[in-house]
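Student: Please take a close look at one part of this model with me. I would like to follow the side chains and see what they meet.

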Amino acid sequence: MTDLEDKLSRVLSGAAQHAPQAPAGLVATVKARHRRRRTRTTAVHAAAAVVLTAGGVGAAVSTLGRAAEPHPVVSATDKAEPPTDRIPPLVEKVWPEAVHKIPARLPDGRRYDPQLLLDDRTLLVMTGADDGERLSLWSYDLGTGRPRQIAEIPPTRGSAISADGVAAGGGHIVWWASYKVAGSPRVARIWTVPAAGGRPRPVADVPLGNVMKEGHITGLTVTGPDVVFAYEKGGVYRVPLRGGSPQPVKGAERHHILQWPWVGVHHGKAFFRELLNAETGERRDAVVKADEEVRCGVLRCAGVAMRYKTVKVERPRDRSGKEIKCGTRRCPDTVQTQTVLRRFVRDRDGSHERDLPTTFYQGDVARLERFFDVTLRGPGNRSIQTLYDAETGRSADLGIRPDAKGRSTVPNGRLDRLMTYSLKNEMYVLDLAAIK
Amino acid sequence: MDEDDEAGFDDFVTTQTDALLRYGYVLTGNPHDAADLLQEALVRLCGAWPRVRRKDSPHSYVRTTMARLHISVWRRRRREHLIGEPPERVHHEVFPPDEDQGLWEELAALPRRQRAVLVLRYYEQLSDAEIAKVLGISSGTVRSQAFRGLNKLRSSLSSSPATHRSMR
């Protein structure tokens, strides 16, 4: 564990000691609330059977959202819920040019994970991860629906991660696997194989040291005759594809790869505010104001403007009016509030600022610096995953709905053109670069 | 619920409340939300008790519900904010040692999903695969969220001079 991780464990355990004490009569309160909820829904059903006017029935007692695990009967009380968002049309209607729907399994029944687009009509996929078989790379023709095996990924002894960071460029595919031989430090071995197919060949072994402390490697990119990568803790390296030992990239010793050749460091609440072109030495600084927390791309920054304030509050009380304590002492009578003033995306030079939807997912960078993941609230308080195009202001419903247990799959965030997710037996492959 | 179920539920609540409140507190960062979150999760558990008791562990049911509710509340409050609701994220300054206070404050600034991942990893000591199950996301996302969370904490802390020394 790193110092930070140690400290995190310690701080969390320590903080837990300041948790409020259990309010008296919790069991009774919980049961009463449960009964009220049941009675209310029964009443609504009864009323609805006669006339469809459930509108006057009381709203949910809870102060908390219900989206994570909807109560099975909320549909009858929809009218009493807070208003739902306006849901945009489905993605295949909004951007038909970008949507490929393909079977979620290969013709032989194998499951696969989409990796990246090799070109406009070829998807690189990996099989074996879900089936416990050997991992294989395939190119999948989006036009004909035919897969072609590129290579089997060589299993690595003592391997914790056998294929990660798959990237492609110049007709080469690269990935890394991490392994450890007893007595020596963990190593990330970078592999390559021609995209046309062939035998995988190791490019280089990268010493990882303590991965809990320093992380693995990331940002693997093929650039001309070389592969570049960065340590997750920072530090960019380059190694020839034909093999060799990785050399640090000058001027990028502490940097992360945003999008090669652009590298940068994280400064507090501004990610990639200062960028360096590791090939030419060009620098690009983004305009960021003091109250803003942003994540920048090569062209734009997106984020929020915040206001922090310390205010006096009433001490927390349970339902019977008894004060809730924070551990063994009284709770403080001030809190620090954090208010989001604006959510925005704009060019790095500060121009062309536009507002972003309230519920855009701030944790990720925008796809192609343009498309944002936004969760909306649909009928029945169900969460609806949408994609928002900051360039045109258009939105599309991805068609992802919570399952019976209220879980939604949210596609992983990435910078590039590919967005994939499976719905029932279909894999949605969105090529965002096709959207004009 | 029959009598057996009633007794089982009461027992569970009585014996587990303190631990669950601690979990809720590190997850949310403040006592109001911790209490609310626990109550809501228990109300749901109450409805599902006969099934949960037979099939799953009530323990993991409540913890999973709390983690997911917390993340979904985040989304909801963010949206409420736009229409002039009270401040969305609030945390109490209850942390005495100066050196730890900084980290606790920075945790409050993390997106909820990142915080939940870190809490499950470093407080609940779950593996990334278990965390993925709890939050209903892929292990890859867990790993990237954890890394982003840690990175953010690391860079926030090292950029604040008051806590600079303590990070070494």
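Tutor: Start at Cys296(A) and Cys301(A), which form a disulfide with sulfur atoms 2.1 Å apart. A disulfide here is a pair of cysteine sulfur atoms within 2.5 Å. That rule gives 1 disulfide over all chains. The torsion about the S-S bond of Cys296(A) and Cys301(A) is about 100°, so the disulfide is right-handed. Cys296(A) is buried, and Cys301(A) is too. Buried means under 20% relative accessible area, exposed means over 50%, and partly exposed lies in between (1.4 Å probe, protein chains only).

Some ground rules. This is a predicted model, where local features need pLDDT of at least 70, side-chain atom pairs count only at pLDDT 80 or more, and totals for chains, interfaces and linings use all residues. Residues are numbered from 1 along each chain as its sequence is written, chains are lettered from A and ligands numbered from 1 in the order in which they are written, and side-chain values use heavy atoms, with hydrogens and water left out.

How confident is the predictor? Its score is pLDDT, the confidence in each residue, from 0 to 100. Chain A averages a pLDDT of 79, and 76% of the residues score at least 70. Over residues 40-80 of chain A, the pLDDT is below 50. That stretch still has 60 contacts in the model beyond near neighbours in sequence. Contact means heavy atoms within 4.5 Å.

Next, a charge and a ring. Arg295(A) lies over the face of Phe271(A), at 4.4 Å from the ring centre. The rule needs NZ of Lys or CZ of Arg within 6 Å of the ring centre and within 35 degrees of the ring normal. Chain B has such a case: Arg63(B) lies over the face of Tyr23(B), at 5.1 Å from the ring centre.

Now rings with rings. Rings of Phe, Tyr and Trp (its six-membered ring) pair if their centres lie within 6.5 Å; planes under 30 degrees apart count as stacked, over 60 as edge-to-face and the rest as tilted. By this rule there are 10 aromatic pairs over all chains. One of them joins Trp95(A) and Phe371(A). Their ring centres are 5.7 Å apart and their planes at 85°, so the pair is edge-to-face. It links distant parts of the chain, 276 residues apart. Trp95(A) is in the loop between helix H3 (91-94) and strand E1 (99-103), while Phe371(A) is in strand E22 (residues 371-377). Helices (H or I, at least four residues) and strands (E, at least two) are DSSP runs, numbered from the N terminus. Trp95(A) and Phe371(A) are buried.

Look at another pair, Tyr231(A) and Tyr237(A). Their centres are 5.5 Å apart and their planes at 85°, so this pair is edge-to-face. At 10% relative accessibility, Tyr231(A) counts as buried, whereas Tyr237(A), at 24%, counts as partly exposed.

The strands here matter for the picture. Strand E11 (residues 226-231) and strand E12 (residues 236-240) of chain A pair in the antiparallel sense over 5 bridges. Strands pair if DSSP finds at least two bridges between them. Val228(A) has Arg238(A) in E12(A) as its bridge partner. E11(A) and E12(A) form a hairpin with 4 residues between them, and Gly234(A) in the turn has a positive phi of about 115°. E12(A) also runs antiparallel to strand E13 (residues 247-248) of chain A, joined by 2 bridges. There Arg238(A) stands opposite Gln247(A). The hairpin of E12(A) and E13(A) has 6 residues between the strands, and its Gly243(A) takes a positive phi near 120°.

Return to Trp95(A) and Phe371(A). Both are in contact with Ile435(A), a count that leaves aside neighbours within four places in sequence. Other contacts of Ile435(A) include Glu97(A), Ala98(A) and Asp389(A). Ile435(A) is in the segment after strand E26 (426-431). It is buried, with a relative accessible area of 4%. Its C-alpha atom and that of Pro96(A), 339 residues apart along the chain, are separated by 8.9 Å.

Last, Pro357(A), in the loop between strand E21 (354-355) and E22 of chain A. At 23% relative accessibility, Pro357(A) counts as partly exposed. Pro357(A) touches Arg343(A), Val374(A) and Tyr388(A), not counting residues up to four places away in sequence.

Methods. pLDDT is the predictor's confidence in each residue, from 0 to 100.
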